[in-house]
Number of protein chains: 2
Amino acid sequence: MEGLPSWRSGETKASILEYVDRVTSTDPEHVPPAARVAVFDNDGTLWCERPTYVQAYFILGRLQELAAESPELAERPVVRDLLADDLVSALGRGASEFAYALLHAHAGLTADEFAEEAAAWLDKTTHPRFGVPFTRLVYTPMLELLDLLRGNEFRVFVVTGGGVEFLRACSEDVYGIPPDDVIGSSVELDMERRDGRVVLVRRPTLLGSPNEGEPKPVNIQLHIGRRPIFAAGNSAGDCEMLEYATTGPSPGFALVVDHDDEHREYAYAGTSLTDPHAEPIARTAGRLGWTTASMRTDWTQVFGPEIDP
Amino acid sequence: MEGLPSWRSGETKASILEYVDRVTSTDPEHVPPAARVAVFDNDGTLWCERPTYVQAYFILGRLQELAAESPELAERPVVRDLLADDLVSALGRGASEFAYALLHAHAGLTADEFAEEAAAWLDKTTHPRFGVPFTRLVYTPMLELLDLLRGNEFRVFVVTGGGVEFLRACSEDVYGIPPDDVIGSSVELDMERRDGRVVLVRRPTLLGSPNEGEPKPVNIQLHIGRRPIFAAGNSAGDCEMLEYATTGPSPGFALVVDHDDEHREYAYAGTSLTDPHAEPIARTAGRLGWTTASMRTDWTQVFGPEIDP
């Protein structure tokens, strides 16, 4: 099976195919199927994260609804900034104020209610530039890569910095990845009984740290219990995960998606939103010998013929 | 497919088979395969937990080794009690002292080292009464139930109160359940670099609460992201999980394993080790209409002909 039809022939495509061939063949570098674990960052690695994260639009929409009902919330400075699209001022209010607004948007909902809200929102909301649902803005070459790996008996997981329950609302439809194979940032849940039924209620509190940087390998171990051998990412917050996959006992592979295609998508550096001093991932990739996929030169299509210009 | 050959014909077996038939047939109570999630407690539900938990023997063995090297540890009263097999005195030292001893036994090991230690120990250690490895003391009728569910497109998860990494060391071999489908109690992990490799180091600190009682439904949601429709347990700490599975929008099934067979296994009530005031699960089962499997009358064999008397 050749695979990767939307990847232009060249070094990047060849090195992916060669790696998969190497660990699935019978030679000394063979890795048994049970150890073929692949992990993918989501925002900017599997789907478009610009102008901002998909989930940020979702949270903002909910804050608008809540603010319309609660003047107290509407007048809170950080919420006022967010509703005025002034992210810089909102961040300037401090991390805890910013987190307050984000985490209160869906607090009090049960896990089931949140999943329904997220699914309904994903169905009806479109991207400001491309005019299609956000879930259509997944990278065709990366979907082919997921298929290639699954076709070679890899287990594929998404490891997102975003909220785990948000992505689970569409991961099966969009990536063919079931909810239990999505790892992400989580909020605390309270078990309650409502009308005789056990429900799990979202608290306005993050469970541990956001799933970025060092927490990515840690949460991979807590959730999967095995070290991945293949990892893909696009920002500084993915570096530890890629390093984890490539420094285990089996041969590993790290892939960095480089956003260098302003025409078909966006052009920006893979830095960190939360840590301005973090090394851009392109530099880490060069230093550690990781493979970089240039969106512009390695991919013959980005979103497919119906969306690509 | 009939299934459950080691289950004696009767009400219990009939109600399990009828339920599986009901949710997998095409009638109004049909549940789509993606929602067929089944969860099983481990100790006392899938394998033998007497005279005490398998993992307790593992921890004790390690404490013996450590105490031989460190007089300071050996002379700590809680450790002295544990090494003298005096569990009552050890518990009397207080929860934090008790936890100190348990959590320090394997602190400082990397996740990989712990997995190797656990696998090696499980290979070489035998049960004091039955004289076979602990991993042979799994209930044949329950293995048949796992197979029945998987054969009907259920996804099966183990949700143990014990340490998740300990059970993962054997879950694939013993139950055919891969490490990522095991949910349990976890310790905190630190990401470190050793000899240029990323490793995850076990801290002597529990991550959140032990996975018993209300944390079971919460951790199921965090890990799986779907409400189970089938749940099995044997102690008070499993009740919330069984209630969660049976109060969702789809028809649910709760199974309680009743240890009433002193001859072939043990006879004891399904109370809680940590909460002496908890209602025994047999009483909860009666109150809420759950199905109880009597080890003595519902099972034609417990561990199979090589072990059963």
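The largest cavity is lined by B:Asn42, B:Asp43, B:Trp47, B:Tyr53, B:Val54, B:Gln55, B:Thr160, B:Gly162, B:Gly163, B:Phe166 and B:Leu167. The structure is a predicted model, in which local features need pLDDT of at least 70, side-chain atom pairs count only at pLDDT 80 or more, and totals for chains, interfaces and linings use all residues. Residues are numbered from 1 along each chain as its sequence is written, chains are lettered from A and ligands numbered from 1 in the order in which they are written, and side-chain values use heavy atoms, with hydrogens and water left out.

The model scores ipTM 0.95 and pTM 0.96. For chain A the average pLDDT (the predictor's confidence in each residue, from 0 to 100) is 95, and 99% of the residues score at least 70.

**Cavities**

A cavity is a set of points, on a 1 Å grid over the protein atoms alone, where a 1.4 Å probe fits but cannot get out; lining residues have an atom within 4 Å of a point. Grid points are joined across faces, edges and corners, and a volume is the space filled by probe spheres set on the points. The count by this rule is four cavities of 30 Å³ or more, and the volume of the largest cavity is about 60 Å³. Its lining draws at least two residues from each of α2 (54–69), β2 and α9 (164–168) of chain B, with β2(B) giving the largest share, three residues. Helices (H or I, at least four residues) and strands (E, at least two) are DSSP runs, numbered from the N terminus.

**Strand pairing**

Two strands pair if DSSP finds at least two bridges between them. In chain B, six strands form an open sheet with parallel pairing, in the order β3-β2-β1-β6-β7-β8. Its edge strands, β3 (182–185) and β8 (291–294) of chain B, each pair on one side only. Direction ignored, neighbouring strands of this sheet are turned by 20° against each other on average; axes are lines fitted to C-alpha atoms, for helices over the stretch in contact, and angles run from 0 to 180 degrees between N-to-C directions.

| Strand pair | Sense | Bridges |
|---|---|---|
| β1(A) (37–40) and β2(A) | parallel | four bridges |
| β2(A) and β3(A) (182–185) | parallel | three bridges |
| β2(B) (155–163) and β3(B) | parallel | three bridges |
| β4(B) (187–194) and β5(B) (197–206) | antiparallel | seven bridges |

Within chain A, A:Val37 has A:Arg155 of β2(A) as its bridge partner, while A:Val158 is partnered by A:Val182 of β3(A). Seven of the nine residues of β2(A) (155–163) are buried, that is, under 20% relative accessible area with a 1.4 Å probe and protein chains only. In chain B, B:Gly163 stands opposite B:Ser185 of β3(B); B:Gly163 is also one of the residues that line the largest cavity.

The strands β4(B) and β5(B) form a hairpin with two residues between them. B:Asp195 in the turn has a positive phi of about 50°, and B:Glu192 has B:Val199 of β5(B) as its bridge partner.

Helix α12 (239–246) of chain B lies across β1 (37–40), β2, β6 (230–233) and β7 (253–258) of chain B and runs at about 160° to β6(B).

B:Ser6 lies in the segment before α1 (11–24) of chain B and is buried, with a relative accessible area of 1%. Not counting residues up to four places away in sequence, B:Ser6 touches B:Thr140, B:Pro141, B:Glu144, B:Asp298, B:Trp299, B:Thr300 and B:Gln301, where contact means heavy atoms within 4.5 Å.

Key:
Buried means under 20% relative accessible area, exposed over 50%, partly exposed in between (1.4 Å probe, protein chains only). On a 1 Å grid over the protein atoms alone, a cavity is a set of points where a 1.4 Å probe fits but cannot get out, and a pocket is an open set with protein on both sides within 12 Å along at least five of seven lines; lining residues have an atom within 4 Å of a point.
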